[in-house]
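Here is a short report on selected local features of one model. It covers strand pairing, a surface patch and a loop residue.

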Amino acid sequence: MSDSNTALVILAAGQGTRMKSDLPKVLHEVAGAPLLHHAMFSGASLEPAHSVIVAGYGAEAVEAAAQELDPDATTVVQTEQLGTAHATDQAREALAEFEGNVIVLYGDTPFIRPETLEAMVAARKKNAVVVLGFEPADPARYGRLVMQGEMLEKIVEFKEATDEERAIAFCNSGVICADAQLLFQLIAAVGNENASGEYYLTDIVGLARERGLPVTAVTCEEEETMGVNSRLDLARAEAAYQARRRMDALVEGVTMQAPETVFFSFDTVIGRDAELEPNIVFGPGVTIETGARIRAFSHLEGCHVSRGAIVGPYARLRPGAELAEDTHIGNFVEIKNAQIAEGAKVNHLSYIGDASVGAATNIGAGTITCNYDGVFKHRTEIGARAFIGSDTMLIAPVKIGDDAMTATGAVVTTDVPAGALAVARAKQVNKPGFAIRFMERLRALKLKKSQE
């Protein structure tokens, strides 16, 4: 448990009817992670003492997702959708003994930057309540922040606003930071006498001002406040995330020939001087070290690629793939749960799964580690400096010793000692004239069928 004096309340109760999905809205993914996780990532930089997730629709699934990222997170359930103040109030009991700041975030607003939350916490030192605001290109139907100098006088929902208030460009994101005890005192005084009959969290600003308490607003970029309410919003959020990650990668010294065709996951790590060719997709759990090169049309997930390695084009690295320095993984090669040692090469049309490949070993085209017997997975171990001939089938469990070889087309079912050559294929038999007679017979049969 953190000793931070900040707690998070993340509102994640909505079904998201515009998503047209049975999945809770906050569990739809951007960059391979649920929207909820992105909101939790934002708050994690504050090392919160408590994280309270307010769930509703699909609460069990939302709780499981929260626990997956943070086992200490607490999930509470909002059984009725009565507004943001009502939703936040569901965290009252979980934070009853907490003394410090509470930041209210939204599970469908994934891009609030940690620096923005830190600015809100800093502003809270001189203010009872801090609201996050932004100036959108199109204010549309956002609530407006009515300022008097640096003081926030009130927040007005669009449907409640006058024409003069609607002309204000400074808009409400919904994110609020306040003292925990004060927050729940103010929420208790919030009413629902409004056009929607809901309890608005934004009303605490006016209530705080009525008490003579100082309230202010911190500004952020519009992109940070992007909400996701539909599949169209989800696609826009993905595009925004990818654009930002591509820019960050270029700034950090990664070469990309066509950045717009490279797709990152939320946790992708790319070292400087790495080179990414066009049309690459990174799933979760990928680390690419300095100086590695990922060639075009490759898909990587759950893998580690070391310095100087080359992957692709048209390669697939699956979870558990570990590539040491200066390895080569070529076109139409798939690596899964396998360790490829320094300088080893798997250059063409091969599957290496549940295996280890020793240093400087060469795997010929069409090689397959036959690792699955229909029930269990079995392991293949290939030593250093071995040469695996093209079209070799390695029937696991099997071991190939250092400096050993397999003949082209071999089906290897037993261990091959170090330095030995394994030949395991049927003897070739040639039948003179058979091919001509066979084809003539087939053509005659085809002609007969066409005449029937």
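## Strand pairing

Strand β21 pairs with β24 (residues 328-331) in the parallel sense, over two bridges. The model is a predicted one. Within this pairing, Val311 stands opposite Ile329 of β24. β24 also pairs with β26 (residues 345-348), again in the parallel sense, over three bridges. Here Ile329 has Val346 of β26 as its bridge partner.

| Strand pair | Sense | Bridges |
|---|---|---|
| β21 and β24 | parallel | two bridges |
| β24 and β26 | parallel | three bridges |

## Surface patch

Tyr314 sits in the loop between β21 (310-311) and β22 (316-317). Tyr314 belongs to a nonpolar patch on the surface, together with Phe297, Phe332 and Leu349. Together these residues have about 430 Å² of accessible area.

## A buried loop residue

Thr109 is also a loop residue, placed between β6 (101-106) and α4 (114-124). Thr109 counts as buried because its relative accessible area is 12%, and the cut-off for buried is under 20%. Its side chain makes a polar contact with the side chain of Asp108, at 3.3 Å. Which residues does Thr109 contact, leaving aside neighbours within four places in sequence? They are Ala39, Glu224, Thr225, Met226 and Gly227.

Key:
Residues numbered from 1 in each chain as written. Predicted model: local features only at pLDDT ≥ 70, side-chain atom pairs only at ≥ 80, totals over all residues. Heavy atoms only, no water. Helix = DSSP H or I, 4+ residues; strand = E, 2+ residues; numbered from the N terminus. Buried < 20%, exposed > 50% of the residue type's maximum accessible area, 1.4 Å probe, protein only. Polar contact = N/O pair within 3.5 Å; in protein donor to acceptor, adjacent residues only side chain to side chain. Contact = heavy atoms within 4.5 Å. Patch = residues over 30% accessible without salt bridge, like charges linked within 9 Å, V, L, I, M, F, W, Y side chains within 5 Å. Areas by Shrake-Rupley, 256 points an atom, 1.4 Å probe, with all protein chains shown as cover. Salt bridge = Lys/Arg side-chain N within 4 Å of Asp/Glu carboxyl O. Pairing = 2+ DSSP bridges.
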